[in-house]
Amino acid sequence: MDFKGLRVNGKRLQDSVEEMAEIGATPNGGMQRLALSEEDKRARDLFVRWLKALNLEIIIDDMGNIFGNRPGRAPGLSPIMSGSHMDSQPKGGRFDGVLGVMGALEVLRTLCEHDIETERSVTIVNWTNEEGSRFAPAMVGSGVWTGALDRDWAYDRTDINGRRFEDELIRISYQGSAPARKWPVHVYYEYHIEQGPILESQGKTIGAPKGILCLHWYDVYVEGEANQVGPTPMAGRHDALCASAEMILKVNELPQRMGGNMVATVGEIQNYPNSRNIIPDKVHFTVDIRSWDDGHARKAWDMVRSDFEEIAARRGCSIKIEETWRVEHSPFDVKLVQRILEIAEELGYESLHTVSGAGHDASYMSRVCPTAMIFVPSIGGRSHVEVEDTAWEDCEAGANVLLHAVLQSANEE
Ligand code: HGY
Ligand code: MN
Ligand code: MN
């Protein structure tokens with residue numbers, strides 16, 4: 001069959017993204033669907049209903065990863081896998097992750113409605129807890145499935161209220177019976193918004209990242225001495241918040257001091273007792289360092305860590321540091337990336353070879369099978385915010401590229 005003229009149904013894709021966006025919608029048009037929350041459960045339930053409507057074989061594993069498989073003609077050949085995540089950031093956007101899951105669903109819907117059989121099976125996946133916002137770290141579902149993270153370690157991760165990952169998985173009834181353990185996959189494609197400004201600024205519709213930066217996450221706990229703000233002289237205070245403030249600026253200065261392509265951010269902080277007339281004695285904050293060069297990122301961390309220790313000592317505070325999580329930089333399969341670029345050109349879309357600063361489940365998948373991603377522009381380069389937006393014709397374009405990439409890979413030896 002000649003698939004050249006085959007296209008997805010852009011309106012149906014838009015309707016699915018919009019229907020999903022109603023689950024956890026925030027008043028300003030954004031999304032709050034934290035991993036393993038009630039909203040995550042409702043989105044999962046809807047997703048499973050859509051998979052059943054396509055008569056897919058459904059697997060839910062003990063990390064809550066949801067797979068839907070459409071058998072191919074050659075069951076002995078390893079499947080194509082495509083998907084992303086449906087959990088969101090707090091006050092996040094409607095497209096991050098969901099577009100990749102709905103894009104893969106639209107590909108399957110298109111194959112079904114045209115009765116297109118493929119040699120290899122095609123499997124869609126929704127990975128649990130990609131964001132790592134409620135339960136750190138990120139990409140936990142794919143991390144356990146690929147063998148990079150230990151399931152029981154993941155189960156014991158807790159959110160800010162002390163709720164355990166496993167207990168929440170059980171509470172939303174998505175702790176499946178199948179073990180979260182990889183099986184052979186021919187190729188993995190992940191379709192996602194770019195979450196940055198480059199495609200839009202260069203007027204390109206499709207991005208094909210060469211890979212994903214390394215992600216290094218740390219948790220820092222600073223302890224000082226609380227006291228009444230009025231009678232306590234400034235000299236001799238052990239103010240944990242002032243010490244942390246100095247440390248946080250050191251993180252912000254890191255990329256400049258290190259040079260090269262690096263970003264470093266403190267995104268989360270808790271200050272105790274957080275009362276305006278008590279000198280803070282406990283602060284927790286997070287550090288996120290990313291670079292294409294893992295060694296560079298580690299060197300940066302070593303440098304800023306010694307800055308932290310000097311600041312803590314000078315201010316009479318103690319410091320505890322957790323090296324919470326590290327994912328090395330993840331280069332994608334060169335041939336698959338080239339395939340994405342060629343398909344984009346064949347379909348008449350301007351494309352760009354780029355790199356991903358955002359983490360994705362494709363980071364872990366690239367360790368177990370040939371992997372590539374398809375990006376579409378984020379309007380204003382914004383993401384992880386309520387105004388996150390992508391033009392519907394770009395959403396359709398990305399799904400068309402995904403459709404043809406899946407078809408080519410599903411019919412190759
Ligand atoms: O952190 C990231 O880049 C992703 O959103 N988990
Ligand atoms: Mn994402
Ligand atoms: Mn995200």
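Helices (H or I, at least four residues) and strands (E, at least two) are taken here as DSSP runs, numbered from the N terminus. The structure is a predicted model, in which local features need pLDDT of at least 70, side-chain atom pairs count only at pLDDT 80 or more, and totals for chains, interfaces and linings use all residues. Residues are numbered from 1 along each chain as its sequence is written, chains are lettered from A and ligands numbered from 1 in the order in which they are written, and side-chain values use heavy atoms, with hydrogens and water left out.

Pro 273 is placed in the loop between β9 (269–272) and β10 (282–291).

Positive phi angles were computed for Asp 115 and Ser 173, neither of which is a glycine. In Asp 115, phi is about 50 degrees; this residue lies in the loop between α3 (98–113) and β4. Asp 115 has a relative accessibility of 66% and therefore counts as exposed, where exposed denotes over 50% relative accessible area, buried under 20%, and partly exposed in between (1.4 Å probe, protein chains only). Ser 173 has a phi of about 60 degrees and is located in the loop between α6 (165–171) and β5 (187–193). Ser 173 likewise counts as exposed, because its relative accessibility is 55%.
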